[in-house]
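Dear colleague,

Please find below the sequence and structure that I am passing on to you.

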Amino acid sequence: MKRLKRLLAFCQIAALCLCLSGCWDMVEINDRLCIRGVGIDVGEQEGMISVTFQMLLPYETSDIQGTPMYQNLTIEAATVSEAVDLLATDVEQKPHFEHLSAIVLGEETAKRAAVHVLDYFYRVPQVRRNCEIVAVNGLAQDLIASSVMDGGVGEYIENMIKTHNNRGHFSKQPSAMSRIFVKDANDEAFYLPMLDYQNLENTQQDGQESQPAQQGSDGAASSGGESQGEGKSADAESLKMAGALLFDERRFVGTLNTAQLDLLHLLQDQQKGMVLTLSEAAGIHARFSFRVDESEVAIQCQVEEDHFVFPIQVQVQCLLIEAWDGTGRELSTEEFYTGAEQSLEVYLTGQLQALIQQTQRLGADVIGFSRLARQTHYQWYQNQGRPWRTAFRAAEFPLTVDVTLKRGGHVQ
């Protein structure tokens, strides 16, 4: 009897052991090489690409305890996967992409094959789906190698896109990897943020050379860079938004400047804080600046005979923030506010129509009319709306803009 109880207890313990989870594929933290940023350029040899990895070094190797240090390594290979394999042979740790914040594409690489070179990272389960994808004028290697912030280029670009609210550009830019590949799967157009990077070390102002890199306590140049202003280094001051690259499904088709991108965000009902500058308002020729405080956009989808019609109604509330008026006229009257509202409506109507016409001409529906057409008129879309590039060019976009200029307490 005791022997039977022991046998049953042993069987129960064995069954419980089978239910225990184990880390059979675990990699120790000291054996991991954390990749924070990746830059991809066209290689020197035909058919090759140049991949720059920004790797996070352990704290004990940092010049200042607690300050992250980064090491950059550039590898030329035929594919991204081959570059990762070559990286693993050059370092002692195993490359890991769990902390990858941003992928930077050189301008030439982005225009040639943006989706193609990004496909590897989309298939690697370690890469976060909210990893930001951006393009830069010139070489991505130059931006990756710069010390734009204590957190490295990956963290800086991530924060720049997600929390850069003082200018409004890209504050809600859908440039994450997951959204790009969802649009690619649905045959939709998408766009990548375009950064303008000017290396201050290679430029001269007023005949004087730029200042050398900041020195650490041990006399060596700090790879993190000394922060200035709001935590940005000197190189960060030379990095700014320059617009966006438009893609029709997988092909590069054109560009947008920052003003057009603001208008695109406005149509997507994602814009707040945008500044509108007019040289004339209410019949007064001067420089006026208005900030968009609130906006609401309503887009409908209709079918007329053989084409789509998308009535668009835009409602915007603005604040007058600056007026350079050399006429000495009173700008706080009801008459001025009413006239300024009309001027803003005319201005926004013309700018938005020009943006829509440009995207039509390029065949890049980055605003998202195709999704609305599928949702509301799916059968007609399947029969008459394919390919969407042709249907988009034939569509009509009646536009109505209603601007309300918020009055101040001193209006007479």
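The notes below describe what was found in this structure.

The model is predicted, so that local features need pLDDT of at least 70 and side-chain atom pairs count only at pLDDT 80 or more, while totals for chains, interfaces and linings use all residues. Residues are numbered from 1 along each chain as its sequence is written, and side-chain values use heavy atoms, with hydrogens and water left out.

Helix α9 covers residues 334-362, 29 residues in total. Helices (H or I, at least four residues) and strands (E, at least two) are DSSP runs, numbered from the N terminus. From its first C-alpha to its last, α9 reaches 42 Å, close to the 42 Å expected at 1.5 Å a residue; the expected span is 1.5 Å times one less than the number of residues. Just after α9, Gly363 has a positive phi of about 70 degrees.

Phe336 belongs to helix α9 and is buried, with a relative accessible area of 3%. Buried means under 20% relative accessible area, exposed over 50%, and partly exposed in between (1.4 Å probe, protein chains only). Phe336 and Ala282 are 54 residues apart in sequence, yet 5.7 Å apart in space, C-alpha to C-alpha.

Tyr191, in strand β7 (residues 190-197), is likewise buried, at 3% relative accessibility. Its C-alpha is separated by 5.3 Å from that of Leu245, 54 residues apart along the chain.

By contrast, Lys2 in helix α1 (residues 2-19) is exposed, with a relative accessible area of 67%.

With kind regards
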